[in-house]
Amino acid sequence: MSMLFFPMADNRLVRMTLVPELWLEATFADHPLPAGAALQVHDLSQHSKRPLFRSPGAPDISHERTLRSELAFASRQWLLATISPPPNAGAAHTRLWLAGGGLSLLAAFLSFWLCRRQQGLQEALQGRDVALGLSAQQLDNAQVEKPFCGRRLMTANSAVGTWWSWPAESLRNWMNRAGSASFRHR
């Protein structure tokens, strides 16, 4: 039982005694809650886990959407636990899920396509690097072989002689001295 005191005129108080359970039931019977909403009222001064009032169909107050408020009224501490109704899962909710799923699929496809494109570009770049390496190796080989081949030709010329570099007149004289008539009339 709870006692409420109301001030009156000429400094007098009116005391009202009530049973909280009956008063809460009468109060909330006149004001129904929306569908899916719930309310529980606990008297913190009683140290009881049993609520003084629980709206019909109310889940346990440990629900994740529970809002707990402490209220001091009629010389007592009250705990009001309210649970909001679940969001409306109508056509907009379905469209939102479809749009989110569609965007996720688009992002996944775009990521896959970009990864494949990057992989192809990397393979092409590696192929060009290999071709560039081969060309550089061929150029290095040619630069190394050029002086070597030049020295070999100079060595071969000095060993054999330079008969091809003689002037044409000297070559004709040499052929005449050799007495080779077959060279003249051929």
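Colleague: Over which residues does pLDDT stay under 50?

Modeller: That would be residues 181-186. This is a predicted model, and for that stretch it has 2 contacts beyond four places in sequence.

Colleague: Which helix has the lowest confidence, and which has the highest?

Modeller: Confidence is lowest in helix H4, residues 181-184, with a mean of 48. Helix H2 is at the other end, with the highest mean, 87. For the chain, the mean pLDDT is 76, and 70% of the residues reach 70 or more.

Colleague: Thanks! How many helices and strands are there?

Modeller: You'll find 4 helices and 6 strands. Along the sequence they follow the pattern β-β-α-β-β-β-β-α-α-α.

Colleague: What order do the strands take in the open sheet?

Modeller: The order is S4-S3-S6-S5, with antiparallel pairing in this sheet of 4 strands. S4 and S5 (66-73) stand at the edges and have a single partner strand each, so one side of each has no neighbour in the sheet.

Colleague: What holds paired strands together, in general?

Modeller: Strands of a sheet pair through backbone hydrogen bonds, and the pairing can be parallel or antiparallel.

Colleague: OK, then how many bridges does S3 make with S6?

Modeller: S3 and S6 (residues 76-83) pair over 6 bridges, in the antiparallel sense. Within that pairing, Gln40 stands opposite Ala81 in S6.

Colleague: And how many bridges join S3 to S4?

Modeller: There are 2, and those strands run antiparallel. S4 covers residues 53-54, and Phe53 is the bridge partner of Val41.

Colleague: What about S5 and S6, how many bridges join them?

Modeller: 8 bridges, again antiparallel. Here Arg68 stands opposite Ala81 in S6, the residue that Gln40 also stands opposite.

Colleague: Nice. Why does His42 count as buried?

Modeller: Because its relative accessibility is 7%, and buried means under 20%. His42 is in strand S3, which covers residues 38-43.

Colleague: How far apart are His42 and Leu79, in sequence and in space?

Modeller: They are 37 residues apart in sequence and 5.0 Å apart in space, C-alpha to C-alpha.

Colleague: How much of the chain is made up of buried residues?

Modeller: Buried residues make up 15% of the 186 residues. The accessible surface comes to about 15,300 Å², and 63% of that belongs to carbon and sulfur atoms.

Colleague: Which residues make the nonpolar surface patch?

Modeller: Phe109, Leu110, Trp113 and Leu114 make a patch of about 420 Å². One of them, Leu110, is found in helix H2, residues 91-160.

Colleague: And why is Leu110 called partly exposed?

Modeller: Because its relative accessibility is 43%, which lies between the 20% limit for buried and the 50% limit for exposed.

Colleague: Last one! Of the contacts with a separation of 6 or more, what share is between residues 24 or more positions apart?

Modeller: Those account for 38% of such contacts in the chain.

How values were computed. Residues numbered from 1 in each chain as written. Predicted model: local features only at pLDDT ≥ 70, side-chain atom pairs only at ≥ 80, totals over all residues. Heavy atoms only, no water. Buried < 20%, exposed > 50% of the residue type's maximum accessible area, 1.4 Å probe, protein only. Contact = heavy atoms within 4.5 Å. Areas by Shrake-Rupley, 256 points an atom, 1.4 Å probe, with all protein chains shown as cover. Patch = residues over 30% accessible without salt bridge, like charges linked within 9 Å, V, L, I, M, F, W, Y side chains within 5 Å. Salt bridge = Lys/Arg side-chain N within 4 Å of Asp/Glu carboxyl O. pLDDT = per-residue confidence, 0-100. Pairing = 2+ DSSP bridges.
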